[in-house]
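Trainee: Got the file open. Can you walk me through some packing details?
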Protein chains: 2
Amino acid sequence: MEEHRKRPGRTPAPAGRTSRPRQAEVARLAGVSQATVSLVLSPKPDAKGRVISEETRLRVLEAARSLGYVPDPAARRLAAARNNLLGVFSFTATFPTEVQHSYYPFLVGVECEAAALGYDLVLFTGSSSGGAGAAGPDALSRVRLADGCLFLGRHTPRAELKRLVEDGFPVVHLGRREELEGLAWVGADYVEATREVISNLAGLGHRRIVLVREDDDAPASADRQRGFLEGLEAAGLASGPTAVFRSADPQRDLTPERLRAWVGEGVTAFVAEETDTGAAWRGLLSAVGETGLDCPGEVSLALLGNPPADLAGEPEPTGFDIPRPQLGAAAVRLLAALVAGEEAREPLVSCVFRPGLTAGPPRARA
Amino acid sequence: MEEHRKRPGRTPAPAGRTSRPRQAEVARLAGVSQATVSLVLSPKPDAKGRVISEETRLRVLEAARSLGYVPDPAARRLAAARNNLLGVFSFTATFPTEVQHSYYPFLVGVECEAAALGYDLVLFTGSSSGGAGAAGPDALSRVRLADGCLFLGRHTPRAELKRLVEDGFPVVHLGRREELEGLAWVGADYVEATREVISNLAGLGHRRIVLVREDDDAPASADRQRGFLEGLEAAGLASGPTAVFRSADPQRDLTPERLRAWVGEGVTAFVAEETDTGAAWRGLLSAVGETGLDCPGEVSLALLGNPPADLAGEPEPTGFDIPRPQLGAAAVRLLAALVAGEEAREPLVSCVFRPGLTAGPPRARA
DNA sequence: CGCATTACGTAATACGCATTAACGAGCGTC
DNA sequence: GACGCTCGTTAATGCGTATTACGTAATGCG
């Protein structure tokens, strides 16, 4: 196991160039002790009394710079300090091949905010491809290398996550997740955003609206449904038993006949939730297409979220934008606060209403 | 700085429940030494001689399981003298807001291959000022925290990179980069791919072809031009002085008149290089559009690379696909080999010809 | 039965850094 | 000049694990 070790034994740095410099080498170059180097390089705000003279300080800094010294994150962490690393852990590949279901938009915000706060990011891989930590309980525990960790994706192993939280390891979950006591999370305000969309449709004159959702118990779905119902109520509209269409496979179950039946009953607007696959929205679109109904004219459609990337060419759907970069940034802020030992809380992030082109006033009833 | 440490001082585990168990505790429960626990829990394939008896092995495993022992990654990496981290350094944000010019496709391959090889990724951002090194020239030295580092982007500071290479720090540059002695890199074979496109056009019957390129001296551009000229020669076609149209702003300089003139001279096909902005291709497309020439019919077009994301709706261009994920994967493989001390070399990655819809046989000359 | 082997374990140590008790040197003070 | 005192620095130690150099008991062999 030692074959790759460039440094032979205990001698600080004989061969020199092949290995990263250690504090000991910086110390030798600066003519001080390793402890002094540590003191100089560890920004201690509460420097009570014990300070290093400006002269040695500069000497050490110069030596460190010229050697290109960088602290070893593992050692730093082991010695009970921080290493300026925030972990990002996702349970599917972070950069999936399929365009759908990508964490990219979140990462835009995560990277930006992390940089602003002075953190680098560690991307823990292998969660899906079974590489590094294959499976097993260790897969998740690798994140302890970082000061804290951000979790993406809805299907997080409860037990492992719970363990991290209980151990006091700073963890933030991206997406509402209340079933786990003490788990910090950030989320978007789907309830309010959906309410706003419904309110808008009602304002256009729609009286009967149907929500198309998938058969998933994720909080994100539940929130939209709640916002939908609240929106109906606020607009003084009835929410009959048929107002919510829930299906495990909307693209199969949402038939043109079904659609025609609704329209025949007086339904003039449909809203679909956004999910990884966009199945609800796709199902709605194709059903409308097959029935030959004119979209803004005969039926209004709204998407509770952003359209999948491969539908970028389609007309812009009415609905709301999920501010994913802001969500990512908020998550990082929260995580950084936890790492710093603060008792922070991030409020729900608001979604932005998107007028779009798929909704308009309903056609006058015959 | 010690506030978060649950374990008071040297006692192995007095308070018990607040902290994760260590090997020492497992050892105590199993009635063996810490070293034995380590030996049992560290899968050593080449267990030459030194073996633990099956009985104690099971006892230790049982103890570990019952305590919920999980190894501390920081300690593990410290003891192993490497940290299983590969750096990714880009000089613009790794996740840019603009869709164009994104490293995303590369990262798909990087993440996947890193996972397969058992590495985690550290993302460094050029602008971030975190960690030990302040901003400025030291920014680059932060990458030493990883076992090796991948560099993206054409505008890498030469001096700093040189320093890393000279120090023997494993570095791989994504994209051909030969001007720096000893710098490892991986690249796509633009020469061959371009040659193939030209050969294909010649096969269709085209006799006069013009290359539209931007005014950039990047290797990627030079390679395409070289492949273009070689392709012409191989097909027995003349490459007059007007065969290459080089412009700093093709969208401005590539006027409809210009295009008409070429067509009048007998040019029947145009190829454009791909760049971050896609300016050459955009210029070509808009000029053709304005002149009202029918694309596969009257002129053939080819794109030496992938179209920008915002042109996804357009008909698929003839040309070649740059296998970005494979490039990323190849870079990671090379980097991993360097980290392991091997003297590896990755060949150029081949691009894949894309038939597309924008090229066809030339219309018979009048 | 004596000695060489082998099989199993363990003590000791290193890994790189942070932290803290202790130490030496300057410097007044009476 | 012995004493306290502050300031700057260092020696020593611990963090949790991997590894190596040794023991010790069991076994093999003539």
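Mentor: We'll go through helix pairs, then aromatic rings, then one leucine.

Trainee: What should I know before we start?
Mentor: This is a predicted model, where local features need pLDDT of at least 70, side-chain atom pairs count only at pLDDT 80 or more, and totals for chains, interfaces and linings use all residues. Residues are numbered from 1 along each chain as its sequence is written, chains are lettered from A and ligands numbered from 1 in the order in which they are written, and side-chain values use heavy atoms, with hydrogens and water left out.

Trainee: Chain A, then. At what angle do helix 8 and helix 9 of chain A cross?
Mentor: Roughly 40°, and the axes of helix 8 (residues 190-204) of chain A and helix 9 (residues 219-234) of chain A come within 7 Å. Axes are lines fitted to C-alpha atoms, for helices over the stretch in contact, and angles run from 0 to 180 degrees between N-to-C directions. Helices (H or I, at least four residues) and strands (E, at least two) are DSSP runs, numbered from the N terminus.

Trainee: Which hand does the crossing of helix 8 and helix 9 of chain A have?
Mentor: Right-handed. That is the clockwise case; a crossing is left-handed if the near helix is turned anticlockwise from the far one by less than a right angle.

Trainee: Which residues of helix 8 of chain A make the contact?
Mentor: A:Y190, A:V191, A:T194, A:R195 and A:I198. Their partners in helix 9 of chain A include A:D223, A:R224, A:F228 and A:L232. Contact means heavy atoms within 4.5 Å.

Trainee: Now chain B. How do helix 1 and helix 3 of chain B pack?
Mentor: Helix 1 (residues 23-30) and helix 3 (residues 54-67) of chain B pack at about 120°, axes 9 Å apart. That makes helix 1 of chain B oblique to helix 3 of chain B. The crossing of these chain B helices is right-handed.

Trainee: And helix 1 with helix 3 in chain A, what angle there?
Mentor: Roughly 125°, with the axes coming within 9 Å. Helix 1 of chain A also passes helix 3 of chain A in a right-handed crossing.

Trainee: Switching to rings. How many aromatic pairs over all chains?
Mentor: Ten. Rings of Phe, Tyr and Trp (its six-membered ring) pair if their centres lie within 6.5 Å; planes under 30 degrees apart count as stacked, over 60 as edge-to-face and the rest as tilted. One of them is A:F89 with A:F151, tilted, 5.7 Å centre to centre and 35° between the planes.

Trainee: Which strands hold A:F89 and A:F151?
Mentor: A:F89 lies in strand 1 (residues 85-90) of chain A and A:F151 in strand 3 (residues 148-152) of chain A, so the pair ties together parts 62 residues apart in sequence. A:F89, A:F124 and A:F151 form one aromatic cluster.

Trainee: Is A:F89 buried or exposed?
Mentor: Buried, with a relative accessible area of 1%. A:F151 is buried too, at 0%. Buried means under 20% relative accessible area, exposed over 50%, partly exposed in between (1.4 Å probe, protein chains only).

Trainee: Last one. Where does B:L107 lie?
Mentor: In helix 5 (residues 104-117) of chain B. B:L107 counts as buried at 1% relative accessibility. Its C-alpha atom is separated by 9.8 Å from that of B:Q326, 219 residues apart along the chain.

Definitions and conventions:
Parallel < 35°, antiparallel > 145°, perpendicular 65-115°, else oblique.
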